[in-house]
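Here is a short briefing for a reader meeting this structure for the first time. Take a look at the sequence and the model before reading on.

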Amino acid sequence: MTDAQTAEDDGFAVLADTGCGPVLGSQQAGGRFVQRIAIVGSGGAGKTVLANRLSTHLDLPVTHLDALRYDSCWQVVPEPQFVAAQQAVIAGERWIIDGNSLASMPIRFAAADTIIFLDLPPLVCLSGILVRRLRYRGGQHADGVYDRITIAVLRYVLSFRRRFAPRVRACIAEHGPHATLIEVTSRRQADQLIARLGHDPTDG
């Protein structure tokens, strides 16, 4: 990121204009109010879970990209419809969007003030997919979880760090240099990210 400094805070890397790390919600990150968060990462990394927890804690509306990408029969919607749906979301002043879709990633990164990249090891992501299947037993669910396991999905997860993560970082550099970037590399760091915001309502 241009003119950015790197800080290590609670074990996760924070890239921000000031290097001091973000304080999310009604506070500021890198000198800016955090109102628009894009969450990206491999399948099984925990994007939906983190998005829902942040939405509850920060009172920001959340959109799950899979809900825009697929219809109720798991059919991919036409690309113009998919892009138009994202543009309608990012036109708002406050939002969280979780999901990848490299082709339309520039749309979200250009509008986001904070980007959270869940860069977890492949085996951790695979375990996340297994836990999701045991809990949801497949299908689409109201909390944003789309539980589908195919050979293509497994290959995607196993190759994400090698094939796709460099493309994500290149897209961030090109379309999101203005945003605060937080890279999370473990489940523990994701919990720490929530903890630094204060009390997580899901903890009781």
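The points below go from the whole chain to one strand and then to one arginine.

This is a predicted model. The protein has 204 residues, and 45% of them count as buried. Its fold contains 7 helices and 11 strands.

**Whole protein**
- The accessible surface comes to about 9,700 Å². Carbon and sulfur atoms account for 54% of that surface.
- Take the contacts between residues at least 6 apart in sequence: 71% of these join residues at least 24 apart.

**Strand β11**
- Strand β11 covers residues 180–184. It is largely enclosed by the rest of the structure, because 5 of its 5 residues are buried.
- Both faces of the strand are covered. T180, I182 and V184 are buried on one side, and L181 and E183 are buried on the other.
- Strand β8, residues 114–118, runs parallel to β11 and is joined to it by 5 bridges.
- I116 has I182 of β11 as its bridge partner.

**Arginine R108**
- R108 sits in helix α4, which spans residues 105–111.
- The residue is buried but has no salt bridge. The nearest side chain of opposite charge is E79, 8.2 Å away.
- Backbone oxygens lie by polar atoms of the R108 side chain. The one of N100 is 2.4 Å from such an atom, and the one of S101 is 3.0 Å from such an atom.
- Beyond its neighbours within four places in sequence, R108 is in contact with residues including A38, V40, L65, Q86, I90 and W95. I97 and G99 are also among its contacts.

Terms used: Residues are numbered from 1 along each chain as its sequence is written. This is a predicted model: local features need pLDDT of at least 70, side-chain atom pairs count only at pLDDT 80 or more; totals for chains, interfaces and linings use all residues. Side-chain values use heavy atoms; hydrogens and water are left out. Buried means under 20% relative accessible area, exposed over 50%, partly exposed in between (1.4 Å probe, protein chains only). Helices (H or I, at least four residues) and strands (E, at least two) are DSSP runs, numbered from the N terminus. Two strands pair if DSSP finds at least two bridges between them. Lys and Arg count as positive and Asp and Glu as negative; His and the chain ends are not counted. A salt bridge is a side-chain nitrogen of Lys or Arg within 4 Å of a carboxyl oxygen of Asp or Glu. A polar contact is a pair of N or O atoms within 3.5 Å; within protein, one must be able to donate a hydrogen and the other to accept it, and residues adjacent in sequence count only if both atoms are side-chain atoms. Contact means heavy atoms within 4.5 Å. Accessible areas come from the Shrake-Rupley method with a 1.4 Å probe; for residues, only the protein chains shown count as cover.
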